[in-house]
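This briefing describes the fold, the nonpolar core and selected residues of a protein model. Please examine the sequence and the coordinates shown here before reading on.

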Amino acid sequence: MKLVISIMSKNDSNMVVDALNEKGIQVTKLSTAGGFLRHKNITLMIGIEDHKVDQVISIISKCSSQRTQLMPNAIPPELGIPSMLPFEVTIGGATIFVLDVDRYKKV
């Protein structure tokens, strides 16, 4: 048994959860926030048999995509760098962790 933990953009999460549910894979969805851009993220927790891990990773990969977005420049003026031009950052995609589960019990 494995625990797949996937952190992704809130924008991608519904499509991922729907695709997993269509395959009969149950998901726990948690609202989280990123530390760098402070955007809302979703963390999915999926308990799955070992032989289905690659299927779960494949679904997550197909349904969550990286894209670029312009972010406002937040450099404080006291640093002496006068710039209000936005900068481009890459957002989206997913970070996936696969952990061994020593014990699993549904009550």
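A polar contact is a pair of N or O atoms within 3.5 Å; within protein, one atom must be able to donate a hydrogen and the other to accept it, and residues adjacent in sequence count only if both atoms are side-chain atoms. By that criterion, the side chains of threonine 43 and threonine 32 form a polar contact at 3.1 Å. The model is predicted: local features need pLDDT of at least 70, side-chain atom pairs count only at pLDDT 80 or more, and totals for chains, interfaces and linings use all residues. Residues are numbered from 1 along each chain as its sequence is written, and side-chain values use heavy atoms, with hydrogens and water left out.

**Overall fold**

- The protein contains two helices and six strands; these are DSSP runs numbered from the N terminus, with helices (H or I) of at least four residues and strands (E) of at least two.
- Their order along the sequence is β-α-β-β-α-β-β-β.
- Of the 107 residues, 29% count as buried, where buried means under 20% relative accessible area, exposed over 50%, and partly exposed in between (1.4 Å probe, protein chains only).
- Among contacts (heavy atoms within 4.5 Å) with a separation of 6 or more, 66% join residues 24 or more positions apart.

- Strand E1 (2-9) pairs with E3 in the antiparallel sense over eight bridges; two strands pair if DSSP finds at least two bridges between them.
- Within this pairing, serine 6 has leucine 44 of E3 as its bridge partner.
- E1 also pairs with E6 (residues 94-100), again in the antiparallel sense, over seven bridges, and leucine 3 stands opposite leucine 99 of E6.
- Six of the eight residues of E1 are buried.

**Nonpolar core**

- A nonpolar core is a set of buried Ala, Val, Leu, Ile, Met, Phe, Trp, Tyr and Cys residues joined through side-chain atoms within 4.5 Å.
- The largest such core has 16 residues, of which Val16, Leu20, Leu44, Ile46, Ile48, Val56 and Ile60 touch the most other members.
- At least two core residues come from each of E1, H1 (10-22), E3 (40-48) and H2 (53-63), with H2 giving the most, five residues.
- Beyond its neighbours within four places in sequence, valine 56 is in contact with Val4, Leu20, Ile25, Ile46 and Ile48.

**Helix H2**

- The buried residues of H2 are Val53, Val56, Ile59, Ile60 and Cys63.
- Viewed down the helix axis, these buried residues fall within an arc of 130°, so they line one face of H2; the arc is that of the directions from the helix axis to the C-beta atoms.
- The buried residues of H2 pack against E1, H1, E3 and E6, whereas the face turned away from the buried side carries the exposed residues Asp54 and Lys62.
- Serine 61, also in H2, counts as partly exposed because its relative accessibility is 46%.
- Serine 61 and threonine 95 lie 34 residues apart in sequence and 9.6 Å apart in space, C-alpha to C-alpha.

**Threonine 43**

- Threonine 43 belongs to strand E3 and is buried, with a relative accessible area of 10%.
- Leaving aside neighbours within four places in sequence, threonine 43 is in contact with Ile5, Ser6, Ile7, Thr28, Lys29, Leu30 and Thr32.
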